[in-house]
Amino acid sequence: MVAGTLTFLGAAGTVTGSKFLVEVADRRVLVDAGLFQGSRDLRRRNWDQLSVAPAAIDAVVVTHAHLDHSGYLPILAREGLSGPILCSRWTAELLPIILRDAAHLQEQEAQWARESGLSRHREPRPLFDSRDAERALQLVTPITRRQPVPLGESLSVELHRAGHILGSSFVRLETPEGSVLFSGDLGRTDHPLLLPPELPEPVDTVVVESTYGARRHEAGAREELGRALRRTIARGGTVLLPAFAVDRTPMLLRELGQLVRDGEVPDVPVFVDSPMALAALEVYRRALHDPEGRAELRPGLLEDPDPFDPGRLHLARTRSESEALNDPTDPCVILSASGMASGGRVLHHLEQQLRHARNNVVLTGYQVPGTRGRALADGAPHVKIHGQYVPVRAEITNIRGFSAHADADMLVSWLAHLPAPQAAYVVHGEESSSETLAATLRRRMEWNAVVPRLEERVRLGRAGTEGSP
């Protein structure tokens with residue numbers, strides 16, 4: 001093993017699957033352990049054997065709870081990981097919700113594949129199951145932000161507020177070969193719920209996300225949502241919002257409440273139909289009354305007795321309550337996971353509601369290529385759900401301005417607080433986004449900015465690469 005190296009095991013040339021392996025002397029630290037999402041080719045990578053044995057990893061540091069940063073943890077635990085999974089306290093509260101839900105969906109999909117006979121595999125099995133998720137959760141160890149935690153001789157990790165979702169952090173890793181900053185997913189400066197990211201301090205190496213590395217957020221997202229609601233309710237339709245359970249659901253509830261209070265939309269029933277979203281909403285509500293949680297939230301939230309209730313909020317907790325929403329009799333708004341329509345209860349609603357022109361499916365976040373959400377955003381005439389093609393007759397509204405990611409200008413502004421590092425590696429973006437951000441950093445800041453290849457290994461602390469293992 002070569003000392004002082006960084007290997008890109010995911011999120012290189014694509015926007016999911018974040019995994020970055022740091023090897024220093026006899027220590028191995030993995031920053032993030034996410035699932036690949038999107039196209040079939042990408043998802044198949046989740047089944048590939050990792051180039052480092054999980055049992056040889058001394059610690060995993062998780063920037064935040066989203067599945068493309070944490071969903072590989074159950075596989076690591078099953079395959080021999082025994083070291084701690086380090087994260088912030090609020091990430092530690094969200095991880096059980098996300099990993100248990102993901103395991104349940106994996107088990108459901110495997111069972112459906114067996115019973116339907118549509119699988120190409122003789123005995124379909126889940127990528128991981130509930131036992132694997134519980135193994136991973138036993139290793140989760142919350143640490144306090146802005147306090148270095150030793151991981152071995154001359155090696156330590158420190159977390160700082162990233163402002164993307166509750167508990168999200170960027171990571172500073174101190175090694176004998178120099179300091180490394182991992183942005184994780186960086187939040188936007190005008191997030192309606194969360195305070196902006198803390199400012200970074202000088203480092204030798206930067207690993208930065210680029211989900212919106214080639215784009216600026218469009219203004220007027222709330223107004224656009226209001227217009228979509230008004231025209232759909234006027235024709236007697238249902239507004240379906242496929243929403244990420246963590247952060248996006250409470251964010252949209254807050255925005256819907258503001259529209260109602262301002263008289264911009266009628267006060268119709270709003271349903272949240274996602275067990276994971278309901279559980280995550282409770283975590284956000286607990287944070288309102290916790291000093292550590294309040295330190296992440298916008299002051300305006302703290303003045304509202306229930307900032308996540310638009311007025312006529314209904315929580316669909318049971319299966320029968322969920323099924324009743326497949327074909328509502330009166331205009332309403334339904335928020336249901338998942339945000340890219342890749343699984344969960346939202347599929348049952350889409351299966352019914354896409355068929356009717358009176359309805360409106362409102363997409364409010366980044367849609368990874370290869371997902372149903374991306375197909376809808378791109379104007380697909382039909383999408384495949386539960387083995388059958390469903391015609392798309394409903395209106396599709398794609399609102400880009402609700403993303404919780406920093407856009408290109410915000411990323412550059414945040415990085416501009418740093419003196420030029422020895423190298424900056426641009427990851428976690430579609431290839432065009434990563435290349436655009438890297439070119440911007442080279443042109444405007446004269447940085448040595450590179451878009452790494454999947455499985456590429458680079459040296460820490462000095463220029464040059466070791467090549468792909």
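Me: Which residue lies over the face of Phe 36?
Reply: This is a predicted model, numbered from 1 along each chain as its sequence is written. Local features need pLDDT of at least 70, side-chain atom pairs pLDDT 80 or more, while totals for chains, interfaces and linings use all residues; side-chain values use heavy atoms, without hydrogens or water. A charge sits over a ring if NZ of Lys or CZ of Arg is within 6 Å of the ring centre and within 35 degrees of the ring normal. At 5.4 Å from the ring centre of Phe 36, the residue is Arg 45.

Me: How far is the charged end of Arg 89 from the centre of the ring of Trp 90?
Reply: Arg 89 has its charged end over a ring. That ring belongs to Trp 90, and the distance to its centre is 4.2 Å.

Me: What is the order of the open sheet of seven strands?
Reply: Strands are DSSP runs of E with at least two residues, helices are runs of H or I with at least four, and both are numbered from the N terminus. Two strands pair if DSSP finds at least two bridges between them. At the edges, β7 (149–152) and β21 (449–450) each pair on one side only. Pairing is mixed, and the order is β7-β8-β9-β10-β11-β20-β21.

Me: Which residue takes a positive phi in the hairpin of β7 and β8?
Reply: β7 and β8 run antiparallel, joined by three bridges. Gly 152 has Leu 155 in β8 as its bridge partner. Two residues lie between the strands, and the one with phi near 65 degrees is Ser 154.

Me: Which residue in β9 stands opposite His 160?
Reply: β8 (residues 155–161) and β9 (residues 169–175) pair in the antiparallel sense. Six bridges hold that pairing. Across from His 160 stands Phe 170.

Me: At what angle do the planes of Phe 170 and Trp 414 meet?
Reply: Rings of Phe, Tyr and Trp (its six-membered ring) pair if their centres lie within 6.5 Å; planes under 30 degrees apart are stacked, over 60 edge-to-face, the rest tilted. Phe 170 is in strand β9 and Trp 414 in helix α14, 244 residues apart. Both are buried (under 20% relative accessible area; exposed is over 50%, partly exposed in between; 1.4 Å probe, protein chains only). The centres are 5.1 Å apart and the pair is edge-to-face, so look for a plane angle of 75 degrees.

Me: At what angle does helix α14 run to β11?
Reply: At the start of α14, a side-chain oxygen of Asp 407 reaches to within 3.2 Å of the backbone nitrogen of Asp 409. The helix (residues 408–415) lies across β9, β10 (178–182) and β11 (205–209). Axes are lines fitted to C-alpha atoms, for helices over the stretch in contact (heavy atoms within 4.5 Å), with angles from 0 to 180 degrees between N-to-C directions. The angle of α14 to β11 is about 165 degrees.

Me: Which strands does helix α15 lie across?
Reply: Helix α15 covers residues 431–445. To β20 (423–427), α15 runs at about 155 degrees.

Me: What is the order of the open sheet of six strands?
Reply: β14 (313–315) and β19 (395–398) stand at the edges, so one side of each is left without a neighbour in the sheet. β13 (residues 270–272) and β15 (residues 332–336) run parallel, joined by three bridges. Val 272 is opposite Leu 335 in β15. With parallel pairing, the order is β14-β13-β15-β12-β16-β19.

Me: Which residue makes a side-chain polar contact with His 349?
Reply: His 349 is in helix α12 (residues 346–353). Its relative accessibility is 0%, so His 349 counts as buried. A polar contact is a pair of N or O atoms within 3.5 Å; within protein, one must be able to donate a hydrogen and the other to accept it, and residues adjacent in sequence count only if both atoms are side-chain atoms. The partner, at 2.8 Å, is Asn 326.
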